[in-house]
Amino acid sequence: MKIVQITDLHVGKEGEDTYGIDVRANFLKVKQAIIQTQPDHLVLSGDLCFDIGDKTIYRWIKTHLDEINIPYDVISGNHDDPIMLAEVFGLKDQLNNNQLYFSKAIGGYPFLFLDTTTGVVSDEQLSWLKKELKSHKREVVIFMHHPPVKAGVPFMDVKYPLRNKPAIQEILFNHPYPISIFTGHYHVEKNIRHGNTIVHITPSCFFQIDQKEPEFKVDHHRIGFREITFENGTIMDTVKYL
Ligand SMILES: [Fe+2]
């Protein structure tokens with residue numbers, strides 16, 4: 001089974017200036033790459049919108065995704081609105097107290113999807129995560145927008161981190177089975193391992209951020225996405241740039 005993860009699309013409203021970058025053209029390029037790759041499943045890990053959640057943007061993205069004809073899941077980032085997302089993508093069943101979090105089996109593997117729109121994993125989701133992890137006595141895959149660990153990217157670690165990292169780390173790091181986490185948000189390519197937990201940060205479809213500078217600095221403008229393959233109980237992944 002092959003999954004493609006795309007993240008941080010940051011699509012603006014029609015005609016909106018998005019730092020001089022044609023984010024809609026970027027998305028269409030990624031769409032072509034997905035068509036060529038033909039994954040079994042697609043995940044959009046948040047920040048579909050440039051700045052704030054907008055139904056017209058979600059509808060535009062959905063129209064293109066539906067054309068690809070590959071099953072997909074969407075989660076919410078800090079530049080999204082989970083209620084609007086749920087409405088446009090028909091996910092109201094996955095909305096719990098206005099948070100878009102859910103679990104499902106994909107290709108026989110257990111997948112959990114979290115909502116970190118507010119920059120934290122809510123207490124409600126933390127209890128749910130604990131229960132879900134306990135119920136699967138095997139490796140679990142988690143998609144969430146924010147990395148739940150410090151990534152050594154000073155600008156993002158200091159200015160826009162997940163604010164309650166210790167609370168989720170206590171659950172993840174004490175879990176006896178492997179956990180593979182795929183995130184976005186940082187606009188970098190990075191893998192961080194803590195015991196059984198490995199966090200894969202996937203680059204953005206917008207621009208990538210310099211990993212060493214404490215102040216905001218663009219590293220490059222190549223569009224990134226991740227391919228994840230599941231074969232005989234092994235998860236392998238690779239990042240591609242367009
Ligand atoms: Fe973000």
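Predicted model: local features only at pLDDT ≥ 70, side-chain atom pairs only at ≥ 80, totals over all residues.
Residues are numbered from 1 along each chain as its sequence is written.

The chain has six helices and 15 strands. Both are DSSP runs, numbered from the N terminus: helices are H or I with at least four residues, strands are E with at least two. The C-alpha atoms fill a box of roughly 50 × 40 × 35 Å along the principal axes. For 242 residues, a compact globule would have a radius of gyration near 18 Å; the chain has 17 Å, which agrees. This radius is taken over C-alpha atoms, and the globule rule is 2.2 Å times the number of residues to the power 0.38. Buried residues make up 41% of the 242 residues. A residue is buried if 20 or more other C-beta atoms lie within 10 Å of its own, exposed if 12 or fewer, and partly exposed in between, with C-beta atoms placed from the backbone. Among contacts between residues at least 6 apart in sequence, 66% join residues at least 24 apart. Two residues are in contact if their C-beta atoms, placed from the backbone, lie within 7 Å.

Helix H2 covers residues 55-68. Its 14 residues should span 20 Å at 1.5 Å a residue, and its end C-alpha atoms are 20 Å apart, which agrees. The expected span is 1.5 Å times one less than the number of residues. Ile 57, Tyr 58, Ile 61 and Leu 65 of H2 are buried. They cover an arc of only 95° around the axis, which puts them on the same side of H2. The arc is that of the directions from the helix axis to the C-beta atoms. Thr 56, Arg 59, Thr 63, Asp 66 and Glu 67 are exposed on the other side of H2. Cover for the buried residues includes strand S3 (72-75) and helix H3 (82-89).

Six strands form an open, mixed sheet in the order S6-S7-S8-S9-S11-S10. Strands pair if DSSP finds at least two bridges between them. S6 (102-106) and S10 (190-194) stand at the edges, each with a single partner strand, so one side of each lacks a neighbour in the sheet. S10 pairs with S11 (residues 197-201) in the antiparallel sense over five bridges. His 194 stands opposite Thr 197 in S11.
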